[in-house]
Amino acid sequence: MVERASERPSRRPPGRAGGLRLEDLPPPDTRRWVARRKAQVVRAVRAGLLTLEQACGRYGLTLEEYASWERLIDRHGVSGLRVTRLQSLRSPPPVEKEPAGARRESIMTARLRGA
(Lines give C-alpha, C1' and ligand atoms only; values in the text may rest on other atoms or scores of the structure.)
Protein backbone atom coordinates (compact mmCIF):
# COMPACT_ATOMS: atom_id res chain seq x y z
CA MET A 1 0.00 0.00 0.00
CA VAL A 2 1.27 3.46 -0.90
CA GLU A 3 0.92 6.15 1.74
CA ARG A 4 -0.03 9.61 0.66
CA ALA A 5 1.70 12.61 2.19
CA SER A 6 -1.62 13.87 3.56
CA GLU A 7 -2.18 10.55 5.37
CA ARG A 8 1.27 10.37 6.95
CA PRO A 9 1.77 11.88 10.39
CA SER A 10 3.98 14.94 10.39
CA ARG A 11 7.61 14.19 11.22
CA ARG A 12 8.17 17.75 12.29
CA PRO A 13 8.37 18.09 16.09
CA PRO A 14 5.75 20.30 17.76
CA GLY A 15 6.69 23.97 17.99
CA ARG A 16 8.58 23.91 14.66
CA ALA A 17 7.50 25.50 11.41
CA GLY A 18 9.62 25.18 8.32
CA GLY A 19 12.67 24.26 10.39
CA LEU A 20 12.26 27.37 12.55
CA ARG A 21 11.77 27.17 16.33
CA LEU A 22 10.69 29.81 18.83
CA GLU A 23 14.18 29.56 20.32
CA ASP A 24 15.62 30.61 16.94
CA LEU A 25 13.68 33.87 16.91
CA PRO A 26 15.09 37.16 18.22
CA PRO A 27 14.47 37.78 21.92
CA PRO A 28 11.28 39.74 22.72
CA ASP A 29 13.30 42.67 24.10
CA THR A 30 15.22 43.17 20.82
CA ARG A 31 16.08 46.83 20.22
CA ARG A 32 18.53 46.57 17.33
CA TRP A 33 16.69 45.24 14.30
CA VAL A 34 19.13 44.01 11.67
CA ALA A 35 17.81 42.59 8.39
CA ARG A 36 18.35 38.97 9.45
CA ARG A 37 16.20 39.37 12.59
CA LYS A 38 13.40 41.07 10.69
CA ALA A 39 13.47 38.26 8.13
CA GLN A 40 13.28 35.63 10.89
CA VAL A 41 10.11 37.22 12.28
CA VAL A 42 8.50 37.40 8.82
CA ARG A 43 9.47 33.79 8.15
CA ALA A 44 8.00 32.66 11.48
CA VAL A 45 4.67 34.37 10.75
CA ARG A 46 4.52 33.00 7.21
CA ALA A 47 5.33 29.48 8.44
CA GLY A 48 2.64 29.66 11.12
CA LEU A 49 5.00 29.53 14.08
CA LEU A 50 3.58 32.87 15.29
CA THR A 51 0.40 34.67 14.33
CA LEU A 52 0.70 38.24 13.11
CA GLU A 53 -0.85 39.45 16.37
CA GLN A 54 1.59 37.38 18.44
CA ALA A 55 4.58 38.72 16.50
CA CYS A 56 3.44 42.34 16.84
CA GLY A 57 2.74 41.88 20.54
CA ARG A 58 5.97 40.02 21.25
CA TYR A 59 8.17 42.57 19.48
CA GLY A 60 6.18 45.78 19.96
CA LEU A 61 5.60 46.20 16.22
CA THR A 62 2.76 48.00 14.52
CA LEU A 63 0.87 46.23 11.76
CA GLU A 64 2.21 48.81 9.31
CA GLU A 65 5.80 48.17 10.37
CA TYR A 66 5.43 44.40 9.98
CA ALA A 67 3.64 44.84 6.63
CA SER A 68 6.51 47.01 5.39
CA TRP A 69 8.99 44.24 6.29
CA GLU A 70 6.96 41.72 4.28
CA ARG A 71 6.65 44.11 1.33
CA LEU A 72 10.39 44.81 1.29
CA ILE A 73 11.25 41.10 1.41
CA ASP A 74 8.83 40.39 -1.44
CA ARG A 75 10.18 43.21 -3.59
CA HIS A 76 13.89 43.27 -2.76
CA GLY A 77 14.72 40.17 -0.71
CA VAL A 78 16.27 40.23 2.75
CA SER A 79 18.80 42.88 1.68
CA GLY A 80 15.87 45.27 1.18
CA LEU A 81 15.40 45.24 4.97
CA ARG A 82 18.77 46.89 5.60
CA VAL A 83 18.36 50.43 6.83
CA THR A 84 20.96 51.78 4.41
CA ARG A 85 19.27 49.97 1.52
CA LEU A 86 15.89 51.21 2.71
CA GLN A 87 17.14 54.79 2.69
CA SER A 88 18.36 54.43 -0.88
CA LEU A 89 15.04 52.90 -1.96
CA ARG A 90 12.95 55.65 -0.38
CA SER A 91 14.97 58.81 -0.81
CA PRO A 92 15.01 60.90 -3.99
CA PRO A 93 18.36 61.46 -5.71
CA PRO A 94 20.59 63.86 -3.78
CA VAL A 95 20.45 67.53 -4.73
CA GLU A 96 23.82 69.14 -5.30
CA LYS A 97 24.61 71.79 -2.73
CA GLU A 98 26.77 74.80 -3.31
CA PRO A 99 30.27 74.42 -1.87
CA ALA A 100 30.70 75.56 1.73
CA GLY A 101 33.33 78.09 0.73
CA ALA A 102 30.99 79.76 -1.77
CA ARG A 103 28.32 80.23 0.91
CA ARG A 104 30.82 81.70 3.36
CA GLU A 105 32.13 84.00 0.66
CA SER A 106 28.65 85.32 -0.17
CA ILE A 107 27.94 86.00 3.52
CA MET A 108 31.23 87.91 3.85
CA THR A 109 30.49 89.85 0.68
CA ALA A 110 27.06 90.83 2.03
CA ARG A 111 28.60 92.02 5.33
CA LEU A 112 31.21 94.08 3.52
CA ARG A 113 28.50 95.72 1.46
CA GLY A 114 26.65 96.65 4.63
CA ALA A 115 23.58 94.59 3.91
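Reply: Happy to! Let's begin with the outward side of H3: the face turned away from its buried side carries the exposed residues Leu63, Glu64, Asp74 and Arg75. Keep in mind that this is a predicted model.

Me: Which residues of H3 are buried, then?
Reply: Those are Tyr66, Ser68, Trp69, Leu72 and Ile73. Looking down the axis of H3, they fall within an arc of 155°, so they line one face of the helix.

Me: How many residues does H3 have, and what comes after the helix?
Reply: H3 has 14 residues and reaches 20 Å from first C-alpha to last, close to the 20 Å expected at 1.5 Å a residue. Gly77 follows H3, with a positive phi near 80°.

Me: Back to Ser68: what does its side chain reach?
Reply: The backbone oxygen of Glu65, at 2.6 Å. Ser68 has a relative accessible area of 13%, which is under 20%, so it counts as buried.

Me: New topic: in the largest nonpolar core, which residues touch the most other members?
Reply: Of its 20 residues, they are Leu25, Val41, Leu50, Tyr59, Tyr66, Trp69 and Leu81. Helices H1 (35–47), H2 (52–59) and H3 (63–76) each supply at least two residues of this core, and the largest share, six residues, comes from H1.

Me: And what is Leu50 in contact with?
Reply: Setting aside neighbours within four places in sequence, Leu50 is in contact with Leu22, Leu25, Ala44, Val45, Ala55, Arg58 and Tyr59.

Key:
Residues are numbered from 1 along each chain as its sequence is written. This is a predicted model: local features need pLDDT of at least 70, side-chain atom pairs count only at pLDDT 80 or more; totals for chains, interfaces and linings use all residues. Side-chain values use heavy atoms; hydrogens and water are left out. A nonpolar core is a set of buried Ala, Val, Leu, Ile, Met, Phe, Trp, Tyr and Cys residues joined through side-chain atoms within 4.5 Å. Buried means under 20% relative accessible area, exposed over 50%, partly exposed in between (1.4 Å probe, protein chains only). Helices (H or I, at least four residues) and strands (E, at least two) are DSSP runs, numbered from the N terminus. Contact means heavy atoms within 4.5 Å. The expected span of a helix is 1.5 Å times one less than its number of residues. The arc is that of the directions from the helix axis to the C-beta atoms. A polar contact is a pair of N or O atoms within 3.5 Å; within protein, one must be able to donate a hydrogen and the other to accept it, and residues adjacent in sequence count only if both atoms are side-chain atoms.
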